[in-house]
Amino acid sequence: MGASSILPDLGTEILIPVCAVIGIAFSLVQWILVSRVKLSPGRDSGAPGNNGAAGKNGYADYLIEEEEGLNDHNVVVKCAEIQNAISEGATSFLFTEYQYVGIFMVAFAILIFLFLGSVEGFSMKSQPCTYDLSRMCKPALATAAFSTLSFLLGAVTSVVSGFLGMKIATYANARTTLEARKGVGKAFITAFRSGAVMGFLLAANGLLVLYIAINVFKLYYGDDWGGLFEAITGYGLGGSSMALFGRVGGGIYTKAADVGADLVGKVERNIPEDDPRNPAVIADNVGDNVGDIAGMGSDLFGSYAESSCAALVVASISSFGMNHELTPMLYPLIISSVGIIVCLITTLFATDFFEIKAVDEIEPSLKRQLIISTVLMTIGIGLVSWIALPPSFTIFNFGDQKLVKNWQLFLCVAVGLWAGLIIGFVTEYYTSNAYSPVQDVADSCRTGAATNVIFGLALGYKSCIIPIFAIAISIFVSFSFAAMYGIAVAALGMLSTIATGLAIDAYGPISDNAGGIAEMAGMSHRIRERTDALDAAGNTTAAIGKGFAIGSAALVSLALFGAFVSRAAISTVDVLTPKVFIGLLVGAMLPYWFSAMTMKSVGSAALKMVEEVRRQFNTIPGLMEGTSKPDYATCVKISTDASIKEMIPPGALVMLTPLIVGIFFGVETLSGVLAGSLVSGVQIAISASNTGGAWDNAKKYIEAGASDHARALGPKGSDPHKAAVIGDTIGDPLKDTSGPSLNILIKLMAVE
């Protein structure tokens, strides 16, 4: 077998928790920096002569634009009020959602316990090991109990990370707006920092909880590593099942509000996007946080937990697990902890090394984040593979052990990492209004909404090509080097820079909210332009984040599929047998069924919202003139109720299908269903999220009027602009509800 790894086991036991703690500490520092932007109008609202706190980030910058009355107390007070409303709306929604989800969690946990425990009729006897029949392992009942425990642990971690992210985002949105008075750079830093808080908290929490769980379970399992890591798998399932509800519920919520607000406000009443007279406007801004931040957080956390679990399960039945080598066994966790440190350095590049002076530096700066983190991470993985892995070892591959060298494993992780970068860049090319695809879509608005829709759909379908090749190549490379373990670590490689990815992603909704707050607080046109620029960049980064989520979901589910196949002791899945083929057909249909459910839910919730908004415009006297206030709370309530009611059927579809198919049609059909849903789900997810992002940015492109071409398409309210708004409204449920929820469908079905 050759020598063991260079890094001693004690080193691993120190390295992982230390990195996690550093990540948490870093996010707290960022949070303190964000909170130094004051939301209460004191006497020191940047007036001259107050240079107490002027540091590099100049909190007391002398506001040159005094004559615009920017030191108005009421602007600051108004911002604080709006922020409160958004924060309360989001919190109340999440609590309602978590009540329902909590009931579901408990029920599902009991199910898991019964299913796993009933394998040997709830016996407390020790079992012969699955892979090594000569030794005795812990009883099935113990594994059932521990799996249930880790499921609950994963679920709670997922929920907490989503909730914290949401809290931070609603805390930072008004602060970003106020900073925008001083310039784009300041606002960008505030929004980005608060995104970083979420990214680091989530990455570090996920790592820490998983590490602690492994160590606690070890006290019971002792030497039986196969059983130990099988019980840990529940962690990933818990993370993802919560993410499903967060994503679907949040997605329906945000889009019902958005579509409702847009249709009545922009199209019928001709008032601007985030006009305070529009009753649905608070619900819309709450939705951005609930869907894009709480949902996205849980989603990426789920992918992350699952790829770690898949890698650990395969490793536990390979030479690492059989010879009880702790360091190489925890290789997946070491990669993640190095990732946290790398992302920390990368974040400093955005906030401290380079200052952003002008609007057109925003997107390049965010792109630089991706490149820097990927390059540094490649070096990091190289080091880790050299230190933490023995020079050669064997990996379990469908019944036999396959010899692997450490540089081959390095290539597996690196290929996943770079595939992630490629997917990010392709997504950016197709959804950013700086490039021709979106400009073509905007151009097609001249002839009305129909051509806009045709061009947008074509763009989405076309944008699948390169990402699919990237995923395909990384699957081929990693599988031929290290079998299923290779694919699991490739997924981990893609997610190793999760902290940066999430920071970029959470930045989107925060700047979106900041724009909304600026509009509602009645700030000057100049500030609104700045927040719009931040927001357009945010749309693209959100699409990039979704690209990452979809790509990693595809790899993760393949790895889990592999784990399922090797556990169920099937060495080949024969496509030609009718059982498997019908499984493939049905599986490929499932994402369509699921999308149909979520789209329809958005449609019906939006319908209720439109009716309510119209009712308010027609019955509240003086609403259009701005003399009386709309009733925001009712709209928030409509969105909340609709999304919670509509979240159950799609969730049930995903959860029950594998169980029903497995019980009635057997393992082979189930493997067909899993493969089919994976194959078609990835395509729909990529095309849906890119189409939606492109329509949104085509609309922004026309509104901003930055080039002659955009100005020719007319100001807000022109016919091309109206066509663009229609496209954007259709794209909303695509990019924020069905697209993102599909990757969870892909993963969850595989986990079960």
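The model is a predicted one, in which local features need pLDDT of at least 70 and side-chain atom pairs count only at pLDDT 80 or more, while totals for chains, interfaces and linings use all residues. Residues are numbered from 1 along each chain as its sequence is written, and side-chain values use heavy atoms, with hydrogens and water left out.

Two packed helices are described by the angle between their axes and the distance between the axes. Helix H1 (residues 9-35) and helix H9 (residues 331-353) have axes that come within 9 Å and cross at roughly 30°; helices here are DSSP runs of H or I with at least four residues, numbered from the N terminus, and axes are lines fitted to C-alpha atoms over the stretch in contact, with angles running from 0 to 180 degrees between N-to-C directions. H1 and H9 are therefore roughly parallel to each other, given that angles under 35 degrees count as roughly parallel, over 145 as roughly antiparallel, 65 to 115 as roughly perpendicular and the rest as oblique. Their crossing is left-handed, a term for a near helix turned anticlockwise from the far one by less than a right angle, with clockwise counting as right-handed. By class, the contact has 12 nonpolar, five polar and no charged residues, where Ala, Val, Leu, Ile, Met, Phe, Trp, Tyr, Cys and Pro count as nonpolar, Asp, Glu, Lys and Arg as charged, and the others, Gly among them, as polar.

Helix H2 (residues 73-117) packs with H6 at an angle of about 55°, the axes being 9 Å apart, which makes H2 oblique to H6. This crossing is right-handed, and the residues in contact include Ile82, Gly89 and Phe93 of H2 together with Asn285, Val286 and Val290 of H6. The contact of H2 with H6 has 10 nonpolar, three polar and no charged residues.

Helix H13 (residues 449-462) and H18 pack at about 135° with axes 8 Å apart, and that makes H13 oblique to H18. The crossing of H13 and H18 is right-handed. Among the residues that meet are Asn452, Leu457 and Tyr461 in H13 and Asn690, Ala694 and Trp695 in H18; the contact has six nonpolar, six polar and no charged residues.

The largest cavity has a volume of about 310 Å³. On a 1 Å grid over the protein atoms alone, a cavity is a set of points where a 1.4 Å probe fits but cannot get out, whereas a pocket is an open set with protein on both sides within 12 Å along at least five of seven lines, and lining residues have an atom within 4 Å of a point. Grid points are joined across faces, edges and corners, and a volume is the space filled by probe spheres set on the points. Of the 29 residues lining the largest cavity, Asp288, Asp512, Asn539, Asp696 and Lys700 lie nearest its centre. H16 gives the most to this lining, with seven residues, and by class the lining has two nonpolar, six polar and 21 charged residues.

The second largest pocket holds about 860 Å³ of space, and Val359, Glu529, Asp532, Ala533 and Ala704 are the closest to its centre among its 33 lining residues. H16 supplies the largest share of the pocket lining, nine residues. The lining of this pocket has 14 nonpolar, six polar and 13 charged residues.

Note on methods: Helix = DSSP H or I, 4+ residues; strand = E, 2+ residues; numbered from the N terminus. Contact = heavy atoms within 4.5 Å.
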